[in-house]
Amino acid sequence: MRTLHYIVPVEYEGSKVLHFLKREAGLSTRAIRNLKFHEDGILVNGIPTRTIDPLHVGDSLIVNLPSDGPAQPPHPFSPSEPVPEPVILYEDEDVVAVNKPAGLAVHQSHSHQGDTLADWLLSHYAEDGSTTVFRAVGRLDKQTSGVVVCARNKFAASPLQGNVHKTYYALVNGVYVGSGTIDEPIYRPDPGKTTRSVDPRGVPAVTHWRALKTGNGISFLEVTLETGRTHQIRVHFASKGTPLLGDTMYGAPEREDIRRAALHCGKAEFRQPFTGAEVLVHAGLPEDMRGILLKI
């Protein structure tokens with residue numbers, strides 16, 4: 001069980017418990033509703049309370065979040081191809097951020113059982129009997145490396161959703177100077193295939209970029225997103241005739257020094273769901289991208 005403890009500040013004098021739990025604790029309406037069915041789910045000054053009851057300055061508000069259950073991975077972690085070990089960059093009772101290597105899928109699927117980041121993380125926590133679930137807040141493509149932020153319980157997932165701000169780093173075939181924005185809709189022409197394209201029939205997609213280094217016809221870019229479409233960065237740069245290095249799916253030539261799209265999530269920023277503390281997580285460039293960067 002996860003226990004949250006708050007001392008009611010002056011700005012919540014007279015406010016309902018419900019309003020405090022939504023605004024200050026960041027709990028969803030559904031989560032708060034579920035608490036009402038658990039004994040001692042919400043206590044004010046040690047006494048069970050209703051969500052419509054008023055709060056007063058200095059009140060001790062305790063929320064006892066029920067457990068998601070024991071961490072039991074459905075499959076032992078057994079990657080289908082050799083990949084570096086994932087690394088935990090940050091963790092607390094509610095959130096874990098992991099540096100995912102390229103070649104490791106995030107979620108389980110019919111073609112990925114036992115060889116995903118979900119399997120690795122659940123196996124990691126199961127070893128010491130910790131209670132956790134796997135709820136990735138946004139995902140990375142299998143071949144994209146870098147930071148993946150995950151909620152460790154169902155109550156942390158809601159306040160994190162849409163509030164993790166990521167910074168990507170990409171190596172592209174082409175010369176970019178300064179900074180700019182690509183604002184082009186992305187469309188999936190064939191529902192049976194994963195590839196996307198820029199097309200007026202698509203959904204809005206906005207990508208911001210800043211050139212960090214250019215040489216030998218290659219640019220190293222810092223990239224941030226306003227939208228999170230599948231393959232967005234890859235599709236947008238390919239649409240400009242400058243696909244990411246190694247991204248043969250979107251027209252880049254094969255290379256010996258990198259055999260995947262040269263894309264890495266190097267930074268993630270978010271607020272701890274219940275304390276509000278600002279968290280900044282960094283993941284250094286992987287060896288394949290770092291080797292190319294040193295040569296341009």
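This is a predicted model: local features need pLDDT of at least 70, side-chain atom pairs count only at pLDDT 80 or more; totals for chains, interfaces and linings use all residues.
## The largest pocket

The largest pocket has a volume of about 1400 Å³. Its lining is made up of 50 residues. Those that lie nearest the centre of this pocket are Arg 139, Leu 140, Asp 141, Thr 230 and His 231.

Several elements each supply at least two residues of this lining: strand 9 (165-173), strand 14 (218-225), helix 5 (232-239) and strand 15 (263-271). Strand 9 gives the largest share, four residues. Sorted by class, the lining of the largest pocket holds 23 polar, 15 charged and 12 nonpolar residues.

## The second largest pocket

The second largest pocket contains about 340 Å³ of space. It is lined by 22 residues, and Pro 84, Pro 101, Ala 102, Ser 145 and Pro 286 are the ones nearest its centre. Two or more residues of this lining come from strand 6 (95-100), and two or more from helix 6 (287-293).

The classes in the lining of the second largest pocket are nine nonpolar, seven charged and six polar residues.

Four strands make up an open sheet, with antiparallel pairing and the order 1-4-2-3. Strand 1 (2-7) and strand 3 (47-48) are the edge strands, each pairing on one side only.

Within this sheet, strand 2 (residues 42-44) and strand 3 run antiparallel and are joined by two bridges. Which residue of strand 3 is the bridge partner of Leu 43? The partner is Pro 48.

Methods
Residues are numbered from 1 along each chain as its sequence is written. Side-chain values use heavy atoms; hydrogens and water are left out. On a 1 Å grid over the protein atoms alone, a cavity is a set of points where a 1.4 Å probe fits but cannot get out, and a pocket is an open set with protein on both sides within 12 Å along at least five of seven lines; lining residues have an atom within 4 Å of a point. Grid points are joined across faces, edges and corners, and a volume is the space filled by probe spheres set on the points. Ala, Val, Leu, Ile, Met, Phe, Trp, Tyr, Cys and Pro count as nonpolar, Asp, Glu, Lys and Arg as charged, and the others, Gly among them, as polar. Two strands pair if DSSP finds at least two bridges between them.
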